[in-house]
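Reader: I have a structure to study for class, and I would like to go through it step by step. May I show it to you first?

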Amino acid sequence: MGKLIICDHPLIQHKLTLIRDKRTNTKDFRELVDEVATLMAYEITRELPLQTSTVETPVAETECKVISGRMLGLIPILRAGLGMVEGVVKLIPGAKIGHVGLFRDPETLKPVEYYTKLPTDVRERALIVIDPMLATGGSAIAAIDVLKKRECTQIKLMCLIAAPEGVKAVQDAHPDVDIYLAALDERLDDHGYIVPGLGDAGDRLFGTK
């Protein structure tokens with residue numbers, strides 16, 4: 001079973017409280033999501049492999065550590081996932097970015113893929129699927145399905161908040177995928193919203209209704 005990691009750093013928790021607050025305006029909401037994504041990126045990259053490199057300081061030659069060539073890819077789920085990408089890119093500027101677009105069929109309530117654009121070498125990369133909300137898990141499962149159909153095997157999922165129902169659904173469908181969260185909330189309500197949650201992340205990021 002993939003790991004479930006709650007990123008409980010005090011700065012993340014402080015900023016997440018401001019993100020949840022319904023009084024937080026679009027500009028501040030967007031900036032806070034960006035900042036939390038950067039902080040979470042520290043945790044999600046903790047296990048990147050290192051190798052030794054020799055450098056010359058102003059004082060002496062020494063052996064130091066550098067990341068050992070691991071190629072990363074960021075896969076935001078459109079549209080809300082876009083709000084977290086730049087925060088991660090600040091730490092990993094060499095990462096390539098792909099996109100997966102999904103919408104919910106109004107009759108079946110199942111996610112439908114409408115857009116996918118991935119790096120040409122996506123199979124060789126360690127991928128981070130990004131979406132602020134993990135509610136029912138439908139979109140995350142569908143996005144991971146899209147990647148696995150293209151023979152991608154190194155996949156992690158990064159979300160701000162999740163409901164237990166969504167975590168279980170992803171773990172059942174994709175037990176090999178580690179899930180990184182800033183918070184695991186109480187439950188889903190009858191409309192599929194996370195409680196206490198933060199409302200609709202896409203609407204709050206982009207100022208729409």
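Author: The following conversation goes through some residues of this predicted model.

Reader: Let us start with salt bridges. How many salt bridges does the structure hold?

Author: The structure holds 14 salt bridges. One of them is formed by Lys3 and Glu47, whose closest N and O atoms are 2.8 Å apart. This pair links distant parts of the chain, 44 residues apart. Lys3 sits in the segment before strand 1, and Glu47 sits in the loop between helix 2 and strand 2.

Reader: Is Glu47 buried or exposed?

Author: Glu47 is exposed, because its relative accessible area is 53% and the cut-off for exposed is over 50%. Lys3 has 36% relative accessibility, so Lys3 counts as partly exposed.

Reader: Which side chain meets Asp185 in a salt bridge?

Author: That partner is Arg20, with an N to O distance of 2.7 Å. Asp185 belongs to the loop between strand 11 and strand 12, while Arg20 belongs to helix 1, so the pair ties together parts that are 165 residues apart in sequence. Asp185 counts as buried because its relative accessibility is 8%, whereas Arg20, at 24%, counts as partly exposed.

Reader: And which residues are joined with Asp121 into one network?

Author: The side chains of Arg125 and Asp121 meet in a salt bridge of 2.9 Å, N to O. Salt bridges that share partners join Lys96, Asp121 and Arg125 into one network. Arg125 is buried at 6% relative accessibility, and Asp121 is buried at 15%.

Reader: Let me turn to Arg204. How far away is the nearest side chain of opposite charge?

Author: That side chain is Asp21, and it is 6.2 Å away. Arg204 is buried yet has no salt bridge, because a salt bridge requires a side-chain nitrogen within 4 Å of a carboxyl oxygen.

Reader: What, then, lies 2.7 Å from a polar atom of the Arg204 side chain?

Author: The backbone oxygen of Asp21 lies at that distance. Arg204 itself lies in helix 6, residues 201–206. Leaving aside neighbours within four places in sequence, its contacts include Ile19, Arg20, Asp21 and Phe29.

Reader: A new topic: where does UniProt place the feature "binding site"?

Author: An unreviewed UniProt entry places that feature at Ile194, Gly199, Asp200 and Ala201. The lining of the largest pocket includes Ile194, Gly199, Asp200 and Ala201.

Reader: Why does Ile194 count as buried?

Author: Ile194 counts as buried because its relative accessibility is 6%, and the cut-off is under 20%. Ile194 is found in strand 13, residues 194–195. Not counting residues up to four places away in sequence, Ile194 touches several residues, among them Met133, Ala163 and Asp185.

Reader: What does Ala201 touch?

Author: Ala201 touches Phe29, Ala80, Pro132 and Met133, not counting residues up to four places away in sequence. Ala201 is found in helix 6. Ala201 counts as buried because its relative accessibility is 4%.

Reader: Finally, where does Asp34 lie?

Author: Asp34 lies in helix 2, residues 26–44. At 13% relative accessibility, Asp34 counts as buried. Beyond residues up to four places away in sequence, Asp34 touches Gly83, Glu86, Gly87 and Lys90.

Reader: How many residues apart along the chain are Asp34 and Cys152?

Author: They are 118 residues apart along the chain, and their C-alpha atoms are separated by 26 Å.

Key. Residues are numbered from 1 along each chain as its sequence is written. This is a predicted model: local features need pLDDT of at least 70, side-chain atom pairs count only at pLDDT 80 or more; totals for chains, interfaces and linings use all residues. Side-chain values use heavy atoms; hydrogens and water are left out. Helices (H or I, at least four residues) and strands (E, at least two) are DSSP runs, numbered from the N terminus. Buried means under 20% relative accessible area, exposed over 50%, partly exposed in between (1.4 Å probe, protein chains only). Lys and Arg count as positive and Asp and Glu as negative; His and the chain ends are not counted. A polar contact is a pair of N or O atoms within 3.5 Å; within protein, one must be able to donate a hydrogen and the other to accept it, and residues adjacent in sequence count only if both atoms are side-chain atoms. Contact means heavy atoms within 4.5 Å. UniProt positions are given in the numbering used here, feature names are shortened, and annotations may be inferred rather than shown by experiment. On a 1 Å grid over the protein atoms alone, a cavity is a set of points where a 1.4 Å probe fits but cannot get out, and a pocket is an open set with protein on both sides within 12 Å along at least five of seven lines; lining residues have an atom within 4 Å of a point.
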